[in-house]
Amino acid sequence: MSSAPSLRVEEVSRSFGSLQALQGINLLVEPGERRAIIGPNGAGKTTLFHIISGTTPPSTGRVHLFGRDITHVPAHRRSLLGMSRTYQVTNLFPNLSVLDNVLLGIQAHRPMKLAMHRPRTSYRSLYSKADELLETWGLSEARDSIVRNLSYGEQRQVEILLALAGDPKVLLLDEPTAGLSTAETQTVSHLIRNLPADMSILLIEHDMDVVFDLVDNITVLHMGQFLAEGTPREIQADQSVTDIYLGTAGEELFT
Ligand SMILES: Nc1ncnc2c1ncn2[C@@H]1O[C@H](COP(=O)(O)OP(=O)(O)OP(=O)(O)O)[C@@H](O)[C@H]1O
Ligand SMILES: [Mg+2]
């Protein structure tokens, strides 16, 4: 069991009506590995995250977490097993303070049983855990700010912080730097780079500077299918990868 990968996706397919969003996808993430999932819009990246985190079931195929088959384990239980994620679109409570959002995030990661027999002191432990997270990630000053008044970049940071509330061993980040300024992108990259070394991170990211900065390996999806896998250097040199980016969106992958 100790040699099991953190995450194993096995022959996962997913269709929505007649649309084949994912087809026969295999993926391995080792403990402490940082891996990016890249691919043009509509490639199936977010769908894959939904399947891994349990918000969408696969049509066929299996997902294993630390060697355990979790294909039919509901999303909230997966977070108790050490998996956490952020969403492509911001997922905070805009009218609550940063602190309240973090408190709710920590609560969500704690088993119900504990909440029902909660000793008085656990409120204190909840608050100290929240303050510790805010302190560690440089957001103490924003503690009492209402989330909707924060910059978009700060909101994305709070989201990552929420995903860390349950001390995950596997963290999924869906475009954490999308819509951020250059400075905010650097702040978020820095935050991700400094996460515990034994945490496995799976990152959907369109910014290749961020990908190169953060990951060991890249998986490329295209139109629901696996296209390529390798180190950033290998992917950069892969003609099939260059072709799909030039062919589909007319965007340069590596500038
Ligand atoms: N719930 C759904 N119902 C129907 N079609 C869906 C659903 N979710 C995703 N799709 C379709 O599946 C395909 C893959 O979508 P997905 O969101 O996974 O792509 P993506 O790689 O994350 O793209 P992007 O880079 O734009 O975020 C797209 O064609 C999308 O329209
Ligand atoms: Mg997406």
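What you have open is a predicted model, where local features need pLDDT of at least 70, side-chain atom pairs count only at pLDDT 80 or more, and totals for chains, interfaces and linings use all residues. Residues are numbered from 1 along each chain as its sequence is written, while chains are lettered from A and ligands numbered from 1 in the order in which they are written.

**Stop one: the ligand**

Select ligand 1 and its shell, which includes Phe16, Leu19, Asn41, Lys45 and Gln88. A residue counts as near if its C-beta atom, placed from the backbone, lies within 6 Å of the molecule. Which element gives the largest share of this shell? That is α1, with 3 residues. Helices (H or I, at least four residues) and strands (E, at least two) are DSSP runs, numbered from the N terminus. By class, the shell has 4 nonpolar, 7 polar and 1 charged residues; here Ala, Val, Leu, Ile, Met, Phe, Trp, Tyr, Cys and Pro count as nonpolar, Asp, Glu, Lys and Arg as charged, and the others, Gly among them, as polar.

Two strands pair if DSSP finds at least two bridges between them. Zoom in on leucine 65, and you will find arginine 68 of β5 opposite.

**Stop three: a covered strand**

Now select β3, residues 34-38: 5 of its 5 residues are buried. Buried means 20 or more other C-beta atoms within 10 Å of a residue's own, exposed means 12 or fewer, and partly exposed lies in between, with C-beta atoms placed from the backbone. Strand β3 pairs in the parallel sense with β8 over 4 bridges, and 4 bridges also join β3 to β9 (217-222), again parallel. Click on arginine 35: its bridge partner is leucine 202 in β8 and asparagine 217 in β9.

**Stop four: helix α7**

Finish with residues 182-193, helix α7. Its buried residues are Thr185, Val188, Ser189 and Ile192.

Key. The expected span of a helix is 1.5 Å times one less than its number of residues.
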